[in-house]
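Please open the structure in your viewer and keep the selection panel at hand.

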Amino acid sequence: MPTAPSDAPSGLARAAGALWLRLFRWRVEGRLPHLPRAVLIAAPHTSNWDLPFMLAVAWVLGVRPAWLGKRELFRWPFGGLMRWLGGIPVDRRAPGGMVSQAAERLRKADRLMLVVPPSGTRSRAAHWKSGFYHIARAAEVPILCTFLDYRRRVGGIGPAVIPTGDVGADMAVIRAFYVPIQGRRPALTTPVRLAEEDAASAVRA
């Protein structure tokens, strides 16, 4: 199993992150809890600018984030760069798909902070994708609410949520946190809601 994505960022990376945020007059809120492994929600995701700001905030907080990518991205000549940036290759055709592979990586890792953008796209969608929730529950790790608030020019880490299996209750906590957070392009923000919640509501009705 690759260990590089879970390592702390170098001093140079931290300095670069701090410089980037200072140039754009951003600041950081919160701190990384003493957790060896977690799933980090990256939200809201509405712009290509989210990536450099996310990396800068993560490095300042002492996090070298890991992320999932289809294995084709890790072929020569860019495979080494993708791994250096925290990428973990997965086979989408494997039984169980990305969720089971990601959960297995988390269970076996000594330290791993896995970032998942639940909207799955920079455009507005009807729901968040539920992969982040099922990965965390299967791996028995917390979900950390991380954010970029362009209105206040603040990025950071919010509450940790332990997935209980009660999707509605767990998502209510997550939803309440993200209510005041504004992405770079608010009109493209995907509602903080899973399709599973709507399905459960329909069954109860």
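**First stop: helix 1 and helix 2**

Helix 1 and helix 2 are oblique to each other, a term for angles that are not under 35 degrees (roughly parallel), over 145 (roughly antiparallel) or 65 to 115 (roughly perpendicular). This is a predicted model, in which local features need pLDDT of at least 70 and side-chain atom pairs count only at pLDDT 80 or more, while totals for chains, interfaces and linings use all residues. Residues are numbered from 1 along each chain as its sequence is written, and side-chain values use heavy atoms, with hydrogens and water left out.

Helices (H or I, at least four residues) and strands (E, at least two) are DSSP runs numbered from the N terminus. Select helix 1 (11–23) and helix 2 (50–60). The two pack at an angle of about 125 degrees, with their axes 8 Å apart; axes are lines fitted to C-alpha atoms, for helices over the stretch in contact, and angles run from 0 to 180 degrees between N-to-C directions. The crossing of helix 1 with helix 2 is left-handed, that is, the near helix is turned anticlockwise from the far one by less than a right angle, whereas clockwise would be right-handed.

Which residues of helix 1 meet helix 2? Ala-13, Arg-14, Gly-17, Ala-18, Trp-20 and Leu-21 meet Pro-52, Phe-53, Ala-56, Val-57, Trp-59 and Val-60 of helix 2, contact being heavy atoms within 4.5 Å. By class, this contact has 10 nonpolar, one polar and one charged residues; Ala, Val, Leu, Ile, Met, Phe, Trp, Tyr, Cys and Pro count as nonpolar, Asp, Glu, Lys and Arg as charged, and the others, Gly among them, as polar.

Next, select Ala-42, Trp-67, Val-115, Val-116 and Pro-117. Of the 43 residues lining the largest pocket, these are the closest to its centre. The largest pocket has a volume of about 1200 Å³. Helix 2 gives the most to its lining, with seven residues. The lining divides into 29 nonpolar, nine polar and five charged residues.

A pocket is an open set of points on a 1 Å grid over the protein atoms alone, where a 1.4 Å probe fits, with protein on both sides within 12 Å along at least five of seven lines; lining residues have an atom within 4 Å of a point. Grid points are joined across faces, edges and corners, and a volume is the space filled by probe spheres set on the points.

The second largest pocket has a volume of about 210 Å³. Helix 1 and helix 2 are the elements that give two or more residues to its lining. Residues to select there include Ala-8, Ala-13, Leu-55, Trp-59, Arg-64 and Trp-84. This lining has nine nonpolar, two polar and one charged residues.

Now select residues 97–108 (helix 4) and 131–139 (helix 5), which pack at an angle of about 40 degrees with their axes 8 Å apart. Helix 4 is therefore oblique to helix 5. Their crossing is right-handed. Among the residues that meet are Val-99 and Leu-106 in helix 4, and His-134 and Ile-135 in helix 5.

Most residues other than glycine have a negative phi, and most peptide bonds are trans. Select Pro-44, in the loop between strand 2 and helix 2: the peptide bond from Ala-43 to Pro-44 is cis, with omega near -15 degrees. Pro-77 lies in the loop between strand 3 and helix 3, and the bond from Trp-76 to Pro-77 is cis, with omega near 10 degrees. Finally, Arg-25, in the loop between helix 1 and strand 1, has a positive phi of about 60 degrees although it is not a glycine.
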